[in-house]
Amino acid sequence: MMQSPIAGEFFALIDQQTIQMHYYCQPLEDKNVSTKFGMQAMIIAQKDKGNDLATLLLEAAHLLSTNENCEMYSVQQSVTEPEKIYISEIWKNEQAHKASLTNPAVREVITRAMPLIVSMNATPTTYLGGK
């Protein structure tokens with residue numbers, strides 16, 4: 001049975017003008033809701049250490065490449081601010097993500113990366129789809 005659409009409005013500031021915007025979307029049916037777990041992180045490295053941090057995170061990505069529960073571990077570096085590193089992860093579920101952090105090799109990479117990190121903002125997500 002299809003659920004009723006969700007509609008609403010919000011206000012956005014565009015070119016210094018407040019514009020009323022409307023949205024209309026069809027909610028996901030329960031059977032379509034993903035159990036996959038995602039993590040989006042922005043990590044800021046110490047000055048001039050962005051490349052070193054990226055190298056360590058790529059090492060972590062290589063370690064996770066054989067983990068059947070890790071569907072994606074993407075490392076990206078800002079072109080304009082090389083100290084900013086972005087990580088995008090997709091896991092079969094949240095428990096798989098947590099379990100990966102107990103892997104001794106992964107923990108060793110984390111230990112080496114910590115002194116290079118100034119700050120980190122991580123947001124857990126639910127994977128909805130896409131390529």
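Helices (H or I, at least four residues) and strands (E, at least two) are DSSP runs, numbered from the N terminus. The structure described here is a predicted model.

**The largest pocket**

The largest pocket holds about 390 Å³ of space. Its lining comprises 22 residues, and those closest to the centre of the pocket are Tyr73, Glu89, Leu101, Ile110 and Met120.

By residue class, the lining of the largest pocket consists of 19 nonpolar residues, two polar residues and one charged residue.

Leu101 is situated in the loop between H2 and H3. Its relative accessible area is 35%, and Leu101 is therefore partly exposed, since this class lies between the buried limit of under 20% and the exposed limit of over 50%. Together with Ile110 and Met114, Leu101 makes a nonpolar surface patch of about 250 Å². Leu101 and Ile110 are also among the residues closest to the centre of the largest pocket.

**Met42 in strand S3**

Strand S3 contains Met42. Is Met42 buried, partly exposed or exposed? Met42 counts as partly exposed because its relative accessibility is 24%. In sequence, Met42 and Ile85 are 43 residues apart, whereas in space their C-alpha atoms are 5.7 Å apart.

Note on methods
Residues are numbered from 1 along each chain as its sequence is written. This is a predicted model: local features need pLDDT of at least 70, side-chain atom pairs count only at pLDDT 80 or more; totals for chains, interfaces and linings use all residues. Side-chain values use heavy atoms; hydrogens and water are left out. On a 1 Å grid over the protein atoms alone, a cavity is a set of points where a 1.4 Å probe fits but cannot get out, and a pocket is an open set with protein on both sides within 12 Å along at least five of seven lines; lining residues have an atom within 4 Å of a point. Grid points are joined across faces, edges and corners, and a volume is the space filled by probe spheres set on the points. Ala, Val, Leu, Ile, Met, Phe, Trp, Tyr, Cys and Pro count as nonpolar, Asp, Glu, Lys and Arg as charged, and the others, Gly among them, as polar. Patches are made of residues with over 30% relative accessible area and no salt bridge: like charges are joined within 9 Å, nonpolar side chains (Val, Leu, Ile, Met, Phe, Trp, Tyr) within 5 Å. Accessible areas come from the Shrake-Rupley method with a 1.4 Å probe; for residues, only the protein chains shown count as cover. A salt bridge is a side-chain nitrogen of Lys or Arg within 4 Å of a carboxyl oxygen of Asp or Glu. Buried means under 20% relative accessible area, exposed over 50%, partly exposed in between (1.4 Å probe, protein chains only).
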